[in-house]
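Please work through each task before reading its solution.

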Amino acid sequence: MKEIERKFLIKIFPSIKNKKYNDNERFFLKTNNDNIEERIYKNNNKYFHEKKVNISIYERKKGKSEINKFEFLELKNRIIWKTSRRTYYIQKSPKITLQVYKWKFKWLIRVEVEFNSINECSIFKPLYWMWKEITWSFISRDIKLIKNT
């Protein structure tokens, strides 16, 4: 599965009234390749292992699988960092989420816009409340954020 996205900082905090959200902690695993992001997380009572490989500035190949609690605990031995954030679901098409970070990165509020195609990605016009595009910045990806702070 491919993930095509652009990321932005915000100019004005958008309305989140009646928006669904999810709180999550992600545990990042050590890899020997800067183009690979590998993480585990728990969502409700399920555990997941996710791996993303950079294809281009906008595209990543994404693999995700459900794992059991034992596998989750085994993989936790490889953790280099964790993040916590609240994700607000702003819009369905294109999918727009607002990521409000906690803990060490509580200064970061990031918008993620996911697309179905590169063409859709290239013609997207940021909404009025979006500010600077950070897709190519180190604060655009959690693993880069962790490694550069």
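The model is predicted.

**Exercise 1.** Determine which strand gives the largest share of the lining of the second largest pocket.

*Solution.* Begin with the residues: Lys19, Lys20, Tyr89, Ile90, Gln91, Lys92 and Lys95 line the second largest pocket. Next, assign them to elements: β6 provides the largest share, three residues.

**Exercise 2.** Characterise the lining of the largest pocket by position and by class.

*Solution.* The space in this pocket amounts to about 430 Å³. Of its 26 lining residues, Arg26, Arg39, Lys62, Arg85 and Lys95 lie nearest the centre. Elements giving two or more residues to the lining include β1 (2-10), β2 (21-29) and β6 (79-91). The greatest contribution, four residues, is from β3.

**Exercise 3.** Identify the residues with the most contacts inside the largest nonpolar core, then trace the contacts of Leu98.

*Solution.* The largest nonpolar core comprises 14 residues, and those with the most contacts inside it are Ile96, Leu98, Val111, Val113, Trp129 and Met130. At least two residues of this core come from each of β1, β6, β7 and β8. With neighbours within four places in sequence set aside, the contacts of Leu98 include Ile10, Phe13, Ile90, Val111 and Trp129. Another core, of 10 residues, lies apart from the largest one; among its members are Phe28, Tyr101, Ile143 and Ile146.

Terms used. Residues are numbered from 1 along each chain as its sequence is written. This is a predicted model: local features need pLDDT of at least 70, side-chain atom pairs count only at pLDDT 80 or more; totals for chains, interfaces and linings use all residues. Side-chain values use heavy atoms; hydrogens and water are left out. On a 1 Å grid over the protein atoms alone, a cavity is a set of points where a 1.4 Å probe fits but cannot get out, and a pocket is an open set with protein on both sides within 12 Å along at least five of seven lines; lining residues have an atom within 4 Å of a point. Grid points are joined across faces, edges and corners, and a volume is the space filled by probe spheres set on the points. Ala, Val, Leu, Ile, Met, Phe, Trp, Tyr, Cys and Pro count as nonpolar, Asp, Glu, Lys and Arg as charged, and the others, Gly among them, as polar. A nonpolar core is a set of buried Ala, Val, Leu, Ile, Met, Phe, Trp, Tyr and Cys residues joined through side-chain atoms within 4.5 Å. Buried means under 20% relative accessible area, exposed over 50%, partly exposed in between (1.4 Å probe, protein chains only). Contact means heavy atoms within 4.5 Å.
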